[in-house]
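Good morning, colleagues. Please keep the display in view as I speak.

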Amino acid sequence: MIKDNAGELMMIDGETIVIKDGKPYETEGIKIYEVVRVIGGKPLFLKEHIERLENSFKVLNMGVPQKIKNLGHEIHEFVRQARIVNGNVKIICDGIGGADNRTIIYETVSRYPDRTLYEKGVAVVTLEKSRTSPGAKTMEDDLRMHADNKKKEKNAYEVILVDGQGNMTEGSRSNIFFFKDGILHTAPLDKVLPGITRMKVFEFCAKKGIEVKVHPIKRNELANFDGAFLTGTSINMLPVKSIDGIVYPVSGFAVELPAQFEKHMIVDVLNA
Ligand code: PLP
């Protein structure tokens, strides 16, 4: 069920409709989705999002629907029709694997962190759960519910998933990087969603000569790190101030790197 629409229009398989009386819109079956940020009327990293959407079908051993070929054009057209200047657009492919599969595009409620959170960092907690197919961006309502409950209960900004081997993998809506002595550490791709922002952090670090080590990171190693960052489409790179009560100082590298990364992303946006 779609309850997070922020506008009145919705595009279904290329056709624009008006959502009636704000009624929640039903979606069916297995759902693959993407959230694309729009800045200045321009959908960001659209090519990367469409590639990841296609990859989600492949990860689930499902054929990529023909209609996806037109998606880039449809998203541009939807942003134009809905007059979105700054916001987030969600794309849901529902009923996948069945004859009634659809591609739905709408403006979703966007939550960008307050500036103070980039200065003070956010509290996160762990949850011993994993997504069924980490490489695919699918809606897992049960996991989402557990994560949201834990966040509420612990008054945390995000929940980090811990797998059966005690590895910290990814956030419920973000990727996570740790750092120690100016070197970043993050979980391998077979354990996480290939975040677009995660990928941009790799590109940024390569440019800056900052080393990024990719390896499993155990929950019991948390105290060995100097700090951590969450990454995602709406948050960019956000410093973490604590994980399960283990406190990281939010100063120096912890605030400078996200600020530099944001500048890098703005340059990327302007040049795209
Ligand atoms: N991991 C998960 C499970 C997510 O749901 C998300 C975003 O929603 C991310 C990572 C971050 O991905 P991106 O940087 O593409 O927003």
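Tyr33 faces Ile92, a residue of strand 5, from the opposite position. In this predicted model, strand 3, residues 32-39, runs antiparallel to strand 5, residues 87-94, and seven bridges connect the two.

This pair belongs to an open sheet of six strands, whose order is 2-1-6-5-3-4 and whose pairing is antiparallel. At the edges are strand 2 (15-18) and strand 4 (42-43); each has a single partner strand, so one side of each has no neighbour in the sheet. As a general point, strands of a sheet pair through backbone hydrogen bonds, in either a parallel or an antiparallel manner.

I turn now to the ligand. Which residues come nearest to the ligand? Of the 16 residues around it, they are Arg52, Lys137, Ile196, Thr197 and Thr233. At least two shell residues come from each of strand 9 (168-171), helix 5 (196-208) and strand 13 (227-232).

Let me describe individual contacts. In the side chain of Thr233, an N or O atom lies 2.6 Å from an oxygen atom of the ligand. The side chain of Glu170 places an N or O atom 3.3 Å from a ligand nitrogen atom. Ser174 contributes through its backbone, where an N or O atom is 3.3 Å from a nitrogen atom of the ligand. As for exposure, the ligand taken alone exposes 390 Å², and the protein buries 93% of that area.

Technical notes: Residues are numbered from 1 along each chain as its sequence is written. This is a predicted model: local features need pLDDT of at least 70, side-chain atom pairs count only at pLDDT 80 or more; totals for chains, interfaces and linings use all residues. Side-chain values use heavy atoms; hydrogens and water are left out. Two strands pair if DSSP finds at least two bridges between them. Helices (H or I, at least four residues) and strands (E, at least two) are DSSP runs, numbered from the N terminus. A residue is near a molecule or strand if one of its heavy atoms lies within 4 Å of it. A polar contact is a pair of N or O atoms within 3.5 Å; within protein, one must be able to donate a hydrogen and the other to accept it, and residues adjacent in sequence count only if both atoms are side-chain atoms. Accessible areas come from the Shrake-Rupley method with a 1.4 Å probe; for residues, only the protein chains shown count as cover.
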